[in-house]
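Please open the model in your viewer and keep the selection panel at hand. The stops below are meant to be visited in order.

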Amino acid sequence: MEWLSAENIVAVGTAVLGVVASGFMVWYERRVPRKKRIGYRVQMDNPIGDDLSSGRANVRLGAFDADMDDATLVLLRVENDGAQNIDRDDYTGPELHGLTAVFADRTIRGVSVTQPTDIDHLMDHFTPQRGFSYEDNRMRLPRVPLNPGDYYKLLVLLSGGAVGKDIRLRGGLRNGEVHPNRSATPDDKPPLFSLPARILSGLLTLCVLAVAGIVVFRDGNPIDCEQGGLTVIGSTAFEPVVSRLAQSYEHKCEGAEIDVETRGSEAGVAELAALADQSKVRARSVIAFSDGPLGERLGLKGKKVALSVFTLAVNDGIGLGAQGLSVRQVRDIYKGRYKRWGEVLPGIDKATADLPIVLVSRSDSSGTRQVFQDRVLGGWEQAQSTSLDCRPPEGTAVTAVTRCELARTSDVLDKIAEQPGALGYSELSAAAEHKGVRTVPLDGDRADVDEIERGDSAYPYRDIEYAYTYGTAPDESLTAGFLSYLGEESSRQVIRTQGHVPCGTPVGLELCR
């Protein structure tokens, strides 16, 4: 599997997102301002007198034995469990005090207030002048400023009711709330997340990391990993893609042997059709790649693989400018109406203007040539080769355009780079990377895959790359396995990096119609 494939990027991105999201939740809870909150919880509610719930008396000694038959002790913790400071003015009640604790069905007999050892200012607020008092079953608490995490405790002596009766803290906060909270142990700070939420978040993070690891580090075998032998013939323009994918498939699938023998699209489909007439069994172990739909007329079954982009290529001594050539100029050049470059490009320097035009073409079995004729010339190239070495006649008299034909894309590009004034055509990525050659825009549109994908270009020199077989490839055959592998995400990445648009992508499906 290619490390930069889309599925790897998605998997790793999902894992990173999961971890970041978990961390962000913790950070948000702790750092991002939100509602002011005062939480309270009962940490103890025990009988001192008779245990009314069990129907028996508690053991008492000393002061607790005096008039304590129905007494209870309650420890109430009040804290700032939010993320913002709470000031005196944040309490919204109209009274002097800030909060009211209500003990249902019981009467308050006394109260003791405690504060943490590391906080020394809270006790100053618990004075009658600031509203601290009790009456019957209600205790009025002052407007105590609390930083996040600050708390105080109220040890309340009560009578007249059983333990477990409702205890509520009432009051209002500006942009906040007063609410009951809970904790695993009496003096722990209440958790930011509930236990189920923490367990779920942890499991989610582990699952996301596991999925990412499986996708990235798995063996990477394609869905249809078959054994046997397969021969791939046809397009030389698509050979870099086919060769790389064949090597990748062999590496992933032990027992698979794929031979790549490209000699041109027309020759490839013709060879496959002829082989089918001789041996249908042998023909089922051959795939012929073609630039354009050359196999339909021979009764072969085609699969659209990619949109291939081609380009005119010129010796880099010819400066054509950003507009390149018009389609009309190209047609006139190939019809032989121009003999020298000065006739095509008036105003260029004399040395370039005097250069004879040399047309370096592919053989008539080439799919690249077929697409050039169909998409650019609108007809056949009208003259045959006039030179075996692609060199114009010596001397000043040029009576005809020099033409030559070569078998392979690489040969064409080598000759264009070598011969001043040469013009030819090639698959785009090979021409773009070849030293001594420059690509030629047509009617101002560049041979640019990105622009074509975005729909920003009407560039004409392009066609669909087909994979042809004799009939439908048998299930569990290497032919079927390799055809399926062409649609894998890693294969689409290879096709894309070689300058083609895979038909299996949403954009490719539209372009390959």
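The model is predicted: local features need pLDDT of at least 70, side-chain atom pairs count only at pLDDT 80 or more, and totals for chains, interfaces and linings use all residues. Residues are numbered from 1 along each chain as its sequence is written, and side-chain values use heavy atoms, with hydrogens and water left out.

Select C225 and C253 to begin. Their sulfur atoms form a disulfide with an S to S distance of 1.9 Å; a disulfide is here a pair of cysteine sulfur atoms within 2.5 Å. The torsion about the S-S bond is about -140 degrees, so this disulfide is left-handed. C225 is partly exposed at 30% relative accessibility, whereas C253 is buried at 1% (buried is under 20% relative accessible area, exposed over 50%, partly exposed in between, with a 1.4 Å probe and protein chains only).

Next, select C390 and C404. Their sulfur atoms lie 1.8 Å apart in a disulfide. The link is right-handed, with 100 degrees about the S-S bond, and both cysteines are buried.

Move on to C503 and C512, a disulfide with sulfur atoms 2.0 Å apart. This link is left-handed, at -80 degrees about the S-S bond. C503 is buried at 6% relative accessibility, and C512 is buried at 3%. The count of disulfides comes to three.

Finally, select E261. This residue is partly exposed, with a relative accessible area of 36%.
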